[in-house]
Amino acid sequence: MDQGFFLLFATVSVITALTMVLARNPVHSALALMACFLQVSAIFVLLEAPLLAVIQIFVYVGAIMVLFLFVIMMIDVREAVLQRFLPGGNLPALVLLVLLGVEILVLVLWSDRFSVMQPVTISGGDDVRQLGTALFADYLLPFETASVILLAALVGAIMLARKEQG
């Protein structure tokens with residue numbers, strides 16, 4: 001039963017991710033990304049990780065998607081669409097996408113790490129404290145780097161959205 005739900009959520013996640021990439025309208029892309037995030041959250045629930053599922057919904061579906069929609073609404077979508085989709089530029093990207101997909105498939109099929117095995121459970125009931133300690137002690141530099149990158153993206157989006165004076 002769990003495997004069926006996993007396959008359903010994974011399939012819908014892949015379909016919504018493809019919809020996000022292939023959609024011409026940026027708002028439709030953002031909504032497809034939100035649907036993909038919700039599917040990933042459902043997969044976390046299946047993996048018995050409710051904290052990660054809630055964090056996925058609050059942080060990505062809530063905060064990040066609001067930021068994306070804010071940026072999409074601030075920039076001139078018609079002008080950005082004309083600059084984004086230049087004729088003839090899609091073929092090399094499609095070839096690269098297919099090559100990367102084949103590479104990932106080959107690596108997954110040949111790897112022993114993805115064999116069927118029992119999930120590892122952590123003994124003790126203080127998982128949130130362990131997660132917080134690991135995040136802010138062991139992984140502090142990547143956490144802060146991600147926050148600086150998000151801040152730079154926000155500042156860049158605001159600079160792109162500003163109308164020129166004159």
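These legends walk through several close-up views of one protein.

**About the model.** This is a predicted model, in which local features need pLDDT of at least 70 and side-chain atom pairs count only at pLDDT 80 or more, while totals for chains, interfaces and linings use all residues. Residues are numbered from 1 along each chain as its sequence is written, and side-chain values use heavy atoms, with hydrogens and water left out.

View 1. The protein has seven helices and zero strands, so its elements read α-α-α-α-α-α-α from the N terminus on. Here helices (H or I, at least four residues) and strands (E, at least two) are DSSP runs, numbered from the N terminus. Of the 166 residues, 15% count as buried. Buried means under 20% relative accessible area, exposed means over 50%, and partly exposed lies in between (1.4 Å probe, protein chains only). The accessible surface comes to about 13300 Å², and 73% of that belongs to carbon and sulfur atoms. Accessible areas come from the Shrake-Rupley method with a 1.4 Å probe; for residues, only the protein chains shown count as cover. Among contacts with a separation of 6 or more, 61% are between residues 24 or more positions apart; a contact means heavy atoms within 4.5 Å.

**View 2. The segments annotated as transmembrane.** An unreviewed UniProt entry carries the annotation "transmembrane region" for residues 6-23, 30-47, 53-77, 89-110 and 139-161. UniProt positions are given in the numbering used here, feature names are shortened, and annotations may be inferred rather than shown by experiment. In the model, residues 6-23 are 94% helix and 0% strand, with their end C-alpha atoms 25 Å apart. Residues 30-47 are likewise 94% helix and 0% strand, and their end C-alpha atoms lie 26 Å apart.

View 3. Leu 38, Leu 51, Leu 52, Val 54, Ile 55, Ile 57, Phe 58, Val 59, Tyr 60, Val 128 and Leu 131 make a nonpolar surface patch of about 900 Å². Helix H3 (50-74) and helix H6 (127-138) are the elements that give two or more residues to this patch. H3 gives the most, with eight residues. Patches are made of residues with over 30% relative accessible area and no salt bridge; like charges are joined within 9 Å, and nonpolar side chains (Val, Leu, Ile, Met, Phe, Trp, Tyr) within 5 Å. A salt bridge is a side-chain nitrogen of Lys or Arg within 4 Å of a carboxyl oxygen of Asp or Glu.

**View 4. Gln 56, a buried residue of helix H3.** Gln 56 sits in helix H3, and its relative accessibility is 8%, so it counts as buried. Leaving aside neighbours within four places in sequence, Gln 56 is in contact with Phe 37, Val 40, Ser 41, Phe 44 and Val 61.

**View 5. Two aromatic pairs.** A search of the whole structure finds two aromatic pairs. Rings of Phe, Tyr and Trp (its six-membered ring) pair if their centres lie within 6.5 Å; planes under 30 degrees apart count as stacked, over 60 as edge-to-face and the rest as tilted. The ring centres of Phe 5 and Phe 9 are 6.2 Å apart and their planes meet at 20°, so this pair is stacked. Phe 5 and Phe 9 are four residues apart in helix H1 (residues 2-22), so about one helical turn separates them. Phe 5 is partly exposed, at 36% relative accessibility. For Phe 37 and Tyr 60, the ring centres are 5.2 Å apart and the planes are at 45°, so the pair is tilted. This pair links distant parts of the chain, with Phe 37 in helix H2 (residues 26-46) and Tyr 60 in helix H3, 23 residues apart. Phe 37 is buried, with a relative accessible area of 16%, whereas Tyr 60 is partly exposed at 37%.

View 6. Leu 67 lies in helix H3 and is partly exposed, with a relative accessible area of 24%. Leu 67 and Leu 154 are 87 residues apart in sequence, yet their C-alpha atoms are 8.2 Å apart in space. Leu 8, in helix H1, is partly exposed at 47%. Its C-alpha atom is 9.6 Å from that of Ile 43, which is 35 residues away along the chain.

**View 7. Glu 48 in a loop.** Glu 48 is found in the loop between H2 and H3 and is exposed, at 71% relative accessibility. Most residues other than glycine have a negative phi. Glu 48, although not a glycine, has a positive phi of about 60°.
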